[in-house]
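Here is a walk through one protein model and its ligands. Keep the viewer open and follow along.

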Amino acid sequence: MATLVPVTLEPKQITEDLRGIYRGALHFDTLTRGLYSTDGSPFQITPLAVAVPEDADDVAALVRYCAEHNFPIIPRGGGTGVAGESLGPAVILDLSVKLRRIGVITADTVTTEPGVTCAALNAELAKHGRRFAPDPASANTCTVGGMVATNASGGNAFRYGYTRDHVIGLDVVLDNGTTATVSRDPKGSVPERLEQITQATEELLNANRAAIAQHRPRTPFNRCGYLLHDILTPEGPDLAKLLVGSEGTLAVTTAATLRTIPLPGGKCLTLLGFPTLDAAVRAGIDLRHFEPVACDLLDRRLLSITRRNTGEGIGPIPPVVGAALLVTFEGDTEREATERAFGAIETLRNRHLLRTLAEPTCTPEGIARVRGLRESAVGGMYGFTHGARPVAFVEDVGVPVESLPAYLAGVQDVLKRHELTASFLIHALTGQVHTRPLIDLENQTDRAKLWPAAEAIHALALSLWGTVSTQHGTGIARTPWVERQYGPVYPVFRELKRIFDPKNLLNPGKIVGPDPSREAWPLRERISVSASPNGAAPRSEQGAAPVGPTLNGDAPTPTLLVWRDSTPATEVAKCTGCGDCRTASPTRRMCPVFRVTGDEAASPRAKANLLRVLTDPTAATPEEVQDVAALCVNCKMCREECDARVNIPKLMLETKAAQHAEHGLSRADWVLARAEGFAALGSNFAPVINGLLARPGARWFMEKLLGISRHRRLPAFALRNFFRRARGAGLSRKGTRSQESGISKFPFSRDAERSVRVAYFVDVFAAYNDPLIAEATVRVLQHNGIEVYVPPRQIGCGMAALAVGDLETARENAVRNVRVFADLIREGYRVVCSEPTAALMLSQDYPDLLDDPDTASVAANTVELTTFLAELHSAGRLRTDFQPLDLTLGHHVPCHVKALRTPPAGPGLLSLIPGLRVRTIDVGCSGMAGTWGLKSANRATSLAAGKPVFAELNRPGLLFGSTECSACRLQLQDGTGKRTLHPVEYLAYAYGLLPEIGEKLRKPLDDMVSE
Ligand SMILES: Cc1cc2nc3c(=O)[nH]c(=O)nc-3n(C[C@H](O)[C@H](O)[C@H](O)COP(=O)(O)OP(=O)(O)OC[C@H]3O[C@@H](n4cnc5c(N)ncnc54)[C@H](O)[C@@H]3O)c2cc1C
Ligand code: SF4
Ligand code: SF4
């Protein structure tokens, strides 16, 4: 086989050559290449270049060009492979961005492009009552192209098999750029190159028939190497089947025609507890007679995480339970599925079963609850903040089911010998054992254990006639064992590769022919990077320069933010590269920008890789770094949803701050960072400024000069800002009784007032644009007998400045506000914010800016308004003397409410109002992200990101919107034209405190200024 000669690319020449031939993007810069240097595996290789083709023609053109110039190519989907299949020193073809069209859906087939995710495909098929059967755990993010290339399967493989069992035909690009369709029912003429390949393959397989049949693992659940045993048919070789699982080493898929199956009539899940792992394994073997669809075994370690996270309805898992089986049954009806489940339980009860931990359940909520348990267990393994984490390198072994007990005993011995512990997730029906030893990849001693442990575990599997790869892929991780697994068939693999790819340019080194000049396992580099290579250390008010802790004794590196129990380096190291943050699931929030663009650079994973690239500060220009960092809008949703809890938003704030410290702010960012100053000014000259903002000429000028979109509907400035009103009402004097302020018309309890005192943090929007929100806040609080004080010396929270990296301004604001509010807290006040972003800033971001007890005290005593009111309600102290409101609202839950980690309280409070019907909208980010969406450069992306929320609010019958966040309110009003208020405004109106809110509801959106 041809060996690869090291390749050097001439970007200029290549770009020139491809002009007019190839339309997609091509990246040669170090930064973009770095973003593609990892996947879900523990490996890292920087590619030569990254291409994002527009369509199949582009793929063909590029492959042809690369073939002519001997450039290796690696197709890539979601990059979720855990074996390093899509990594290498080659031109990466990212097919996940543009090739995302789903084509014809017939009664039992679908044709789709390769970049469509499994989940997106199934969402579409569900509309036709159908599904694509293989259900990998990564379904939300893995692509059809990746599934075909890795012959993906899921927990249901026992019943539905692998991807290769459902592929009818493939459109492919062959090694020399020839396009062809491979299927058992070919139509039209066959290109010459395909004819050659077909003939040579047939001869090869015929000549080696006996060896191929003899040297198969004895487990039917195997995906290692090329699967050749059933390729020859009377009509010739089934090339489509052969290409499935070939990991991009034989051809590039540009479309796949897949068989679909009906959605199940009924599905039932149950969770069964056993005293030991061994008992659970044996029960799993017995369960096969009851034809379950899937059966996942959770070991003691996974269960212990589950014990911590056990949700409602399942109850605590007793310590005597040493392992559990999560079993799924399907049937034509729910009854049939349930009967199967009960039948199985009845039989197991006498033999192995300790107890039923979750009774069979068919309801969507019940299924979600039981499944959530597995997810929280597996995900929880990655949530360790420091040190050893589960690493996938021997996680794909499968053995004949009868050998499972022997294999598990052997693996435990190996682990003991290497002083390792591990978690086991076992597909008990198919003999697949996902063993993930806990390894600290930053620790040299731990790293040295990987290869010998893999050697021993894989040797054990092969000695039991098992396979080193049942599900995930051969890739870099397992190619070194393919020859040992297949013996005399290995030369057949090599010959097959030569037939398809004589120049060895398609994903070279995978499955066959690992490059001997390269490390077999290019483990990810250890990170000893500062996120702020150019940064200066921040100083808290006390003057201490907070310096992050270091890894492995590396010298402390200065950071601009305060890193207490973590460092940028540990955060980067925590990212497994799993790609879960590329999800577009409607039940998740991360990542609003990635969802719209589909660009790897926008994914949270890429942000961790950005920091990897920046270990060499000269590797990227400030503009390149800024371009990637700007794709994070600080919604904080990935921090909440990523299993490994990687604090990507903080990494990006650190990066932006370092950029700003070194290179200053752009004009638009400079203006946005000073939004409060401009708002105060605007409010002083409200009539003039509001008039100006409505003029197209002024709008145009603002866009050109400041980059703020002229098409955005902007909030008008208030004629009298809230601080003035508060002064006038006596709210800026401590101890002012609500009646003295003249605001409350209702009697209040003096006892209650004495016990709860609120220092109101007024955000910029409520202060200068919409003081009615602030007024509603004060009145609702006072109506409930609470003393409200509006400290006059407070200033804006500084989030706008922090979000663009202007740490100086953000820190100045923090210092001032902490000084104001810490004293009040000492006097017994709680800080209440009607703006969730402000609550987040005070409670979570200030401690990242300042490292002192006062800041910690402010953080601990700050609460978002609706949460505070919900607390009052739970304590039986919220008045419910509401007048009925005959309204139907859609309430959007903002990201920053979720990031506060308290249950969203808005909808519950609104539903206390008689006659008011509220529909909770929790389908994603509104897309505005503070002031980010105001920029003309971001407007289109911002509105696209908000579409799912708009669609919900646009449902017929929903008259108005509601949300706590002012940026979301702007966006919802812009995106739907529906009046959207803060929930406290509805409460104030229903209490009869602010009749002007009724007028606001009746008015068109003319208090917003537009062109
Ligand atoms: C948390 C987690 C859970 C997982 N669970 C499962 C599971 O249950 N079952 C399972 O099977 N896998 C699982 N995987 C592994 C992985 O998700 C699958 O292998 C998946 O099929 C890879 O799809 P992808 O789009 O991410 O492909 P990538 O990782 O991008 O690529 C995988 C391989 O496919 C090739 N490839 C991609 N697109 C094409 C194309 N169009 N033409 C030719 N070759 C192509 C690449 O070159 C590479 O060799 C899991 C991974 C993670 C991180
Ligand atoms: S940021 Fe989290 S979800 Fe994204 S790849 Fe890293 S570990 Fe996975
Ligand atoms: S914080 Fe939000 S915008 Fe930033 S990377 Fe995470 S999910 Fe994306």
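## Before you start

This is a predicted model, so to speak of local features a pLDDT of at least 70 is needed, side-chain atom pairs count only at pLDDT 80 or more, and totals for chains, interfaces and linings use all residues. Residues are numbered from 1 along each chain as its sequence is written, chains are lettered from A and ligands numbered from 1 in the order in which they are written, and side-chain values use heavy atoms, with hydrogens and water left out.

## Around ligand 1

Start with ligand 1, which has 34 residues around it (a residue counts if one of its heavy atoms lies within 4 Å). Pro-75, Thr-80, Ser-138, Thr-143 and Ser-153 are the closest. By class, you'll find 14 nonpolar, 17 polar and three charged residues in this shell. Here Ala, Val, Leu, Ile, Met, Phe, Trp, Tyr, Cys and Pro are nonpolar, Asp, Glu, Lys and Arg are charged, and the others, Gly among them, are polar.

Now zoom in on the oxygen atoms of the ligand. Thr-80 has a polar side-chain atom 2.6 Å from an oxygen atom of ligand 1. Backbone N or O atoms turn up too: one from Met-147 lies 3.5 Å from a ligand 1 oxygen, and one from His-472 lies 3.4 Å from a ligand 1 oxygen. Taken alone, ligand 1 exposes 960 Å², and the protein buries 93% of that (Shrake-Rupley areas with a 1.4 Å probe; for residues, only the protein chains shown count as cover). Strand S3 (73–76), helix H5 (144–150) and strand S12 (252–259) are the elements that give two or more residues to the shell. H5 provides the largest share, five residues. Helices (H or I, at least four residues) and strands (E, at least two) are DSSP runs, numbered from the N terminus.

## Around ligand 2

Which residues surround ligand 2? They are Cys-575, Thr-576, Gly-577, Cys-578, Gly-579, Asp-580, Cys-581, Arg-605, Cys-642 and Ala-644. Sorted by class, that gives five nonpolar, three polar and two charged residues.

## One side of helix H4

Helix H4 covers residues 118–126, and its Cys-118, Leu-121 and Leu-125 are buried (under 20% relative accessible area; exposed is over 50%, partly exposed in between, with a 1.4 Å probe and protein chains only). They sit on the same side of H4 because they cover an arc of only 65° around the axis, the arc being that of the directions from the helix axis to the C-beta atoms. An α-helix has 3.6 residues a turn, so residues three or four places apart point the same way.

The buried residues of H4 pack against strand S5 (102–105), strand S6 (109–112), strand S7 (130–131), H5 and S12 (contact means heavy atoms within 4.5 Å).

Glu-952 is in helix H40 (residues 939–953). Is Glu-952 buried or exposed? It's buried, at a relative accessible area of 17%. Not counting residues up to four places away in sequence, Glu-952 touches Arg-919, Ile-921, Val-923 and Leu-958.

Ala-584, in the loop between helix H18 (568–574) and helix H19 (592–597), is exposed, at 53%. Leaving aside neighbours within four places in sequence, Ala-584 is in contact with Asn-140 and Arg-595.

Asp-29 lies in the loop between strand S1 (25–27) and helix H2 (30–35) and is partly exposed at 22% relative accessibility. Its side chain makes a polar contact of 2.7 Å with that of Thr-32 (a pair of N or O atoms within 3.5 Å; within protein, one must be able to donate a hydrogen and the other to accept it, and residues adjacent in sequence count only if both atoms are side-chain atoms).
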